[in-house]
Structures are given as structure tokens and as C-alpha cells.
Amino acid sequence: MELYDYIRSSAAYRVRIGLNFKGVEWRTVPINLLEAEQRGEAYRAVNPQGLVPALRIGAGSESDSEGGKEGGEVLTQSLAILEWLEETHPEPPLLPPDALGRARVRALMYAVACDIHPVNNLRVLHYLTGELGHSEAEKLAWYHHWLHQGFAALELQVSGPRFCHGDALSLADVCLVPQMFNARRFELDLAPYPTLVAICQHLESLDAFARAAP
Ligand SMILES: N[C@@H](CCC(=O)N[C@@H](CS)C(=O)NCC(=O)O)C(=O)O
């Protein structure tokens, strides 16, 4: 498998953790977000959204005679990729065996990936300081505001002290660690979130997470 990847992308980081945890073989295809490669024609042919990650699966399955394409299928959206990975590589699991547990894990992962992350994405922050003319300080205030709102709720929702849900690794953990990494980069005060910090410290010591880290 080939992962269209940028080292500091939280969404790509989630998928790197998932791929490592499932023990599949993959290689990275770097897309430099700082040089706007994600918006270039070549990458838009892979993912018209112009966002990383994208995962190419089954590469090489098409013959060269069919237009010399890279072959295979391209999956986009980190959560869809992780769910696909879970369905096609069920062991070791990243979702609990019970329906209630799965709903809880998905609620936590969506809280991070659908509510916290999108308003703090690179293109949103660039729009604030570019077209809308806000200062770096205002950008940081925006980032901290939305992170604090999201993390305050998450701190109350996670089980801890080792995992977000119960006593096993799940997709919620896979989403939490990259968001915490990002929060540290933007110098968010994590003192109000001792449970999230403890979970993250534990997860970052695990092999699949350590090898995925930026
Ligand atoms: N919902 C998407 C989000 C993907 C996304 O926002 N990726 C960011 C990096 S974390 C990106 O490519 N940003 C490029 C840009 O903002 O121009 C997913 O989960 O895959």
C-alpha cells in the first residue's frame, strides 16, 4: 500500500498508526503541504479534495497497457481508510466487540476528527491570516479556543488511564494522539486535561504509535 502522507498531518498520522498496528506493509509518498503540493494538478488527480492522506491499495494490479496508471484503488478520508482497514484486517482489532462500545469509540473519534480538527486545519488557519487579515496572535487564539472546547468535553468522556475506551486500544486512541501532538505544537496548555495527557503518554510508548510519530 502507498500512503500519500505529510509528516506533520494529523489525519495522515492517524492512518500511519493504523497501518502499523495492523502490521501491513506500506510505503510513504510524501506530499509537501508547505509547498502546496496537495493543491497541484498531480495530487488532485489522486485526491480531488487536495487533502492528505490518501491510500493507494492494490497498486500494480493494472497492467501498463491500460494507460500506464499507477493502478489499484485510492481511498481518501482518514476515518474511511481506518474503517476499511478494520474491515479488511480485523486482527488485532481497533473496535470493541460490542455495538455499544463501537458507538462510544466512534463518538470519541468523530469528536476529534469531525469537530476539533477541521476548524484548525492548515487551510482554515491560512485563510484566517491570509484573506481575512488576522494576526498570528489571533490565529493562535482561534486555535486555542476550539481546542479547549473540544478537549474539555473529551477529558470527561474518556475512560483512562491507558486508553480512551475501556482497557484496549481503539480508533479513538488512534485519533487522540495526533491531535495531542498538534496541540503541543501550538503550545496549548494541557494542564486541564490530565487524563488525556496520561492516555497519550501511554500510547506514545507503544510501537505502532512510536513508529508513526512525526
Ligand atoms: N477529513 C479529512 C481531513 C484531511 C485534512 O484536513 N488533511 C490536512 C492535513 S491534516 C490537509 O491535507 N491539509 C491541506 C490544506 O489544508 O491545504 C481526513 O480525515 O482525512
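In this predicted model, 12 residues of domain 1 touch 16 residues of domain 2. The protein is divided into these two parts, with domain 1 spanning 2–88 and domain 2 spanning 99–212. A ligand lies between them, because both domains give residues to the shell around the ligand. The points below take the domains, the ligand, the helix pairs and some backbone details in turn.

**The two domains**

- The C-alpha centres of domain 1 and domain 2 are 22 Å apart.
- On the side of domain 1 that touches domain 2, H1 and H3 each supply at least two residues.
- H1 gives the largest share of that side, with 8 residues.
- By class, that side of domain 1 has 6 nonpolar, 4 polar and 2 charged residues.

**The ligand shell**

- The ligand is surrounded by 15 residues.
- The closest are Ser 9, Leu 51, Ser 78, Leu 122 and Arg 123.
- Helix H1 (10–22), helix H3 (78–88) and helix H5 (122–129) are the elements that give two or more residues to this shell.
- The shell holds 8 nonpolar residues, 6 polar ones and 1 charged one.
- Domain 1 (2–88) and domain 2 (99–212) both contribute to the shell, so the ligand sits between them.

**Describing helix pairs**

- Two packed helices are described by two values: the angle between their axes and the distance between the axes.

**H1 with H7**

- H1 and H7 pack at about 140°, and their axes are 8 Å apart.
- The two helices are therefore oblique to each other.
- Their crossing is right-handed.
- From H1, the contact uses Ser 10, Tyr 13, Arg 14, Ile 17 and Gly 18.
- From H7, the partners are Val 174, Cys 175, Val 177, Pro 178, Gln 179, Phe 181 and Asn 182.
- The contact of H1 with H7 divides into 7 nonpolar, 4 polar and 1 charged residues.

**H7 with H8**

- Helix H7 covers residues 171–185 and helix H8 covers residues 194–204.
- Their axes come within 10 Å and cross at roughly 100°.
- H7 and H8 are therefore roughly perpendicular to each other.
- H7 brings Asp 173, Leu 176, Val 177 and Met 180 to the contact.
- H8 brings Leu 196, Ile 199, Cys 200, Leu 203 and Glu 204.
- The contact of H7 with H8 has 7 nonpolar and 2 charged residues, and no polar ones.

**H4 with H6**

- Helix H4 runs over residues 99–116, and helix H6 over residues 136–157.
- Their axes come within 11 Å and cross at roughly 175°.
- H4 and H6 are therefore roughly antiparallel to each other.
- Leu 108, Ala 111, Asp 115 and Ile 116 form the H4 part of the contact.
- Trp 146, Leu 147, Gly 150, Ala 153, Leu 154 and Gln 157 form the H6 part.
- The contact of H4 with H6 has 7 nonpolar, 2 polar and 1 charged residues.

**Backbone details**

- Glu 91 and Pro 92 are joined by a cis peptide bond, with omega at about -10°.
- Pro 92 is in the loop between H3 and H4.
- Gly 160 and Pro 161 are also joined by a cis peptide bond, with omega at about -5°.
- Pro 161 is in the loop between H6 and H7.
- Ala 36 is not a glycine, yet it has a positive phi of about 60°.
- The place of Ala 36 is the loop between strand E2 (27–30) and helix H2 (41–46).

Definitions and conventions
Residues are numbered from 1 along each chain as its sequence is written. This is a predicted model: local features need pLDDT of at least 70, side-chain atom pairs count only at pLDDT 80 or more; totals for chains, interfaces and linings use all residues. A residue is near a molecule or strand if its C-beta atom, placed from the backbone, lies within 6 Å of it. Helices (H or I, at least four residues) and strands (E, at least two) are DSSP runs, numbered from the N terminus. Ala, Val, Leu, Ile, Met, Phe, Trp, Tyr, Cys and Pro count as nonpolar, Asp, Glu, Lys and Arg as charged, and the others, Gly among them, as polar. Domain bounds come from an automatic or database domain assignment. Axes are lines fitted to C-alpha atoms, for helices over the stretch in contact, and angles run from 0 to 180 degrees between N-to-C directions. Angles under 35 degrees count as roughly parallel, over 145 as roughly antiparallel, 65 to 115 as roughly perpendicular and the rest as oblique. Two residues are in contact if their C-beta atoms, placed from the backbone, lie within 7 Å. A crossing is left-handed if the near helix is turned anticlockwise from the far one by less than a right angle, and right-handed if clockwise.
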